[in-house]
Amino acid sequence: MMENVHLAPETDEDDLYSGYNDYNPTYDTEELENDTAFQQAVRTSHGRRLPSKTSLASSMGRPMTGVIQDGVTRPLTAVRAAGFTKAAFRGSAFDPLGQSRGPAPPLETKNEDSPEEKIRQLEKKVNELVEESCIANSCGDLKLALEKAKDAGRMERVLVRQREQVTTPENINLDLTYSVLFNLASQYSANDMYAEALNTYQVIVKNKIFSNAGRLKVNMGNIYLKQRNYSKAIKFYRMALDQIPSVHKEMRIKIMQNIGVAFIKAGQYSDAINSFEHIMSMAPNMKAGFNLILSYFAVGDREKMKKALQKLIAVPLEIDDDDKYISPSDDTHTNLVIEAIKNDHLRQMERERKAMAEKYIMTAAKLIAPVIESSFAVGYDWCVEVVKASQYVELANDLEINKAITYLRQKDFNEAVETLKMFEKKDSRVKSAAATNLSSLYYLKNEFAQASNYADLAVNSDRYNPSALTNKGNTVFANGDYEKAAEFYKEALRNDSSCTEALYNIGLTYKKLNRLDEALDCFLKLHAILRNSAQVLFQIANIYELMEDPNQAIEWLMQLISVVPSDSQALSKLGELYDSEGDKSQAFQYYYESYRYFPSNIDVIEWLGAYYIDTQFCEKAIQYFERASLIQPTQVKWQLMVASCFRRSGNYQKALDTYKDIHRKFPENVECLRFLVRLCTDMGLKEVQEYATKLKRLEKMKEIREQRIKSGRDGSGGSRSKREGSAGHDSGQNCSASSKGERLSAKLRALPGTNEPYESSSNKEIDASYVDPLGPQTERPKTAAKKRAEEEDFADEDLGDYLLPE
């Protein structure tokens with residue numbers, strides 16, 4: 001029982017009520033009015049601060065709110081109870097939100113008629129117009145952007161006048177005026193209204209109130225550069241450069257670069273060299289280095305070209321290494337971060353910068369390689385060595401491939417092949433590119449086996465190389481395996497849907513397989529990519545022609561001649577289609593245009609000659625047949641047609657002279673002798689007996705030769721080949737008897753064997769009948785006393801005995 005009894009300490013035995021009358025001066029409120037610190041705290045925000053040093057106790061002996069005691073802070077409590085007010089309001093309803101006081105009074109309405117408010121609204125509208133102008137420019141609507149800029153300028157001038165009436169001129173918003181004028185000048189320049197843009201810029205530059213307005217002279221220099229006024233452009237660039245402080249180093253470098261470009265365009269290469277050399281010494285960059293090489297190339301300084309290329313390669317790119325984007329560990333968080341930054345905007349900018357640097361270096365190397373040494377091969381070797389020693393090692397292989405391509409341009413195929421063969425032991429990418437070029441070379445040389453081997457090597461080195469797959473398809477196509485070729489072309493398209501060569505070739509393959517619908521679909525897709533490709537347009541027209549849709553074929557050919565108006569083949573094809581449709585006038589127009597651009601097409605010449613004969617203008621047909629005889633001098637039919645045109649036009653003497661000339665060139669031509677016999681008979685000339693004797697002798701010789709050939713064929717049992725005789729006739733005499741009496745109607749019919757040159761002997765059967773190559777002659781006026789029989793026709797007439805020698 002005693003363990004629960006607690007004894008009072010001895011100190012409490014003295015006085016149990018001690019401490020109640022102790023006085024704390026902190027609670028003395030009588031002297032607060034004279035307390036300076038308290039009165040200052042009441043007037044300022046210090047009175048609301050919590051005491052930081054003095055720890056006060058409440059009247060009940062507990063620590064005050066917020067005071068730290070024994071290391072523990074007492075929680076803060078409210079000074080007043082929520083919902084309770086002073087004693088005067090006791091008994092009222094609980095209304096913490098003061099809803100009983102009614103709605104808040106309405107806001108004071110603005111006086112819109114006041115001048116200040118009007119000015120404020122005008123400023124807002126001007127800013128909105130400037131923003132709309134800028135947005136329209138960024139969207140490509142330059143006309144709308146200019147209209148908005150003009151509206152903003154007009155409204156800003158109204159605003160200035162109103163502000164001058166209300167306030168002093170010092171209160172004018174200069175920033176708004178500057179932005180309006182600058183935007184207007186920019187929109188004028190974007191719309192190629194250079195005079196207006198220059199005037200607007202002059203307004204800004206000449207106004208001394210605008211600070212830093214002199215920098216806009218750079219824009220004025222750019223406009224003069226577009227106008228090819230290079231001296232003024234340089235002048236304004238230098239004026240702008242003088243007003244740029246040396247602190248703005250980057251801006252000064254850009255202006256100096258503009259000055260150098262203007263010097264190059266003006267042909268002042270020495271001044272351009274000075275500008276770019278200064279830039280490369282102060283802040284080297286790719287553009288300045290490339291322009292410096294161009295300037296040295298223009299003046300022909302070989303050594304400085306080499307040094308400039310080395311400086312260009314040494315320009316720092318200031319991009320991260322690719323190793324940064326490779327995950328070093330299996331840490332999930334790190335992998336997520338690397339995956340996120342692998343293709344972000346910064347990474348894309350780095351790729352673009354690297355690609356641009358490689359383009360500058362490759363272009364510069366290809367430019368100077370042929371001129372820096374005695375031969376272009378030595379120059380390329382020097383460039384390759386310099387590139388190999390830099391951070392652009394991969395470009396060395398591209399340079400060597402370009403060296404092989406340069407050999408190809410110089411028609412040195414052996415050196416090109418040897419250069420490309422050196423890549424067979426390189427890495428897969430370079431090996432694939434070299435093998436692709438080798439495959440193309442051997443394909444062009446019709447060495448399809450070698451082309452196929454290198455195409456296989458290219459495909460095996462890089463299965464996703466569309467060019468290699470296309471070359472492999474070409475070799476298979478050349479061997480006639482069209483289905484397999486189509487598979488290679490399809491695979492190339494799957495790897496690169498923009499490979500137009502594969503798409504074109506697969507269209508040709510479907511055309512060979514007579515799958516015209518699929519071929520047409522391929523060429524239409526290709527037409528959507530290459531809008532003005534003459535080859536694609538011709539293939540589409542040709543497929544429509546094969547599908548027997550001449551109207552569509554004509555429509556696509558019309559598009560073709562709009563792209564290449566001087567293509568004689570397309571014009572002749574149009575003439576052929578119109579001729580098949582029966583429209584002779586349109587056909588003549590396009591055939592004549594084709595002849596005008598290419599007067600050596602035999603088919604076109606023949607059609608034009610036939611057209612004039614059909615329209616009874618034999619005199620005009622003569623010039624076409626004479627040209628044909630010049631193109632094919634061994635073809636006797638063209639000269640016979642010229643003589644026939646003379647005869648049909650009534651110029652018998654000229655026709656006789658032409659036949660005699662043909663007989664001298666082709667003495668064994670039976671047709672010519674028949675014409676001579678007939679003309680001499682009609683004209684009553686003495687040479688008729690001579691020509692008749694030659695004709696009879698030639699016919700007898702042919703009969704004897706035919707008998708010998710027939711007997712020899714019978715003796716050998718038909719085992720030996722046909723033997724040519726010593727005497728012969730021209731190739732125009734192999735027509736059969738069934739063709740006797742054929743005539744030319746709308747189109748001139750070519751004589752049989754016209755595609756063969758004239759030969760002195762023939763093993764074909766002889767037909768001594770006459771066939772006029774130009775068709776039936778129009779009936780001559782009856783002037784003779786003796787009337788001829790109507791059925792008389794020289795083509796069907798037998799030779800009389802009086803023509804035979806005595």
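1. For what follows, two residues are taken to be in contact when heavy atoms of theirs lie within 4.5 Å. With that in mind, and bearing in mind that this is a predicted model, K403 is in contact with F376, A377, Y380 and D381, once its neighbours within four places in sequence are left aside. K403 itself lies in helix α15, which covers residues 394–409. Its relative accessibility is 12%, and because buried means under 20%, K403 counts as buried.

2. As to the chain in general, the secondary structure comes to 32 helices and 2 strands, and 38% of the 806 residues count as buried.

3. The largest nonpolar core holds 174 residues, and the members that touch the most others are M286, Y392 and Y659. Helix α13 (residues 345–372) supplies the largest share of this core, namely 9 residues. Apart from it lies another core, of 9 residues, which includes L129, A152, L176 and V180.

4. Y392 deserves a separate entry. Leaving aside its neighbours within four places in sequence, Y392 is in contact with M286, I313, V315, L317, A357, E358, I361 and V387. One of these partners, M286, is named with Y392 among the core residues that touch the most other members.

5. How do helix α8 and helix α9 cross, and at what angle? The axes of α8 (residues 249–266) and α9 (residues 269–282) come within 8 Å and cross at roughly 155°. Since angles over 145 degrees count as roughly antiparallel, α8 is roughly antiparallel to α9. The crossing of the two helices is left-handed.

6. The contact between these helices is made on the α8 side by K249, I253, M256, Q257, I259, G260, V261, F263 and I264, and on the α9 side by Y269, D271, A272, S275, F276, H278, I279 and M282. By residue type, the contact of α8 with α9 divides into 11 nonpolar, 4 polar and 2 charged residues.

7. Is A433 buried, exposed or partly exposed? A433 is found in helix α17, residues 428–444, and its relative accessibility of 27% means that A433 counts as partly exposed. The C-alpha atoms of A433 and N397 are separated by 10.0 Å, while the two residues are 36 residues apart along the chain.

Conventions:
Residues are numbered from 1 along each chain as its sequence is written. This is a predicted model: local features need pLDDT of at least 70, side-chain atom pairs count only at pLDDT 80 or more; totals for chains, interfaces and linings use all residues. Side-chain values use heavy atoms; hydrogens and water are left out. A nonpolar core is a set of buried Ala, Val, Leu, Ile, Met, Phe, Trp, Tyr and Cys residues joined through side-chain atoms within 4.5 Å. Buried means under 20% relative accessible area, exposed over 50%, partly exposed in between (1.4 Å probe, protein chains only). Helices (H or I, at least four residues) and strands (E, at least two) are DSSP runs, numbered from the N terminus. Axes are lines fitted to C-alpha atoms, for helices over the stretch in contact, and angles run from 0 to 180 degrees between N-to-C directions. Angles under 35 degrees count as roughly parallel, over 145 as roughly antiparallel, 65 to 115 as roughly perpendicular and the rest as oblique. A crossing is left-handed if the near helix is turned anticlockwise from the far one by less than a right angle, and right-handed if clockwise. Ala, Val, Leu, Ile, Met, Phe, Trp, Tyr, Cys and Pro count as nonpolar, Asp, Glu, Lys and Arg as charged, and the others, Gly among them, as polar.
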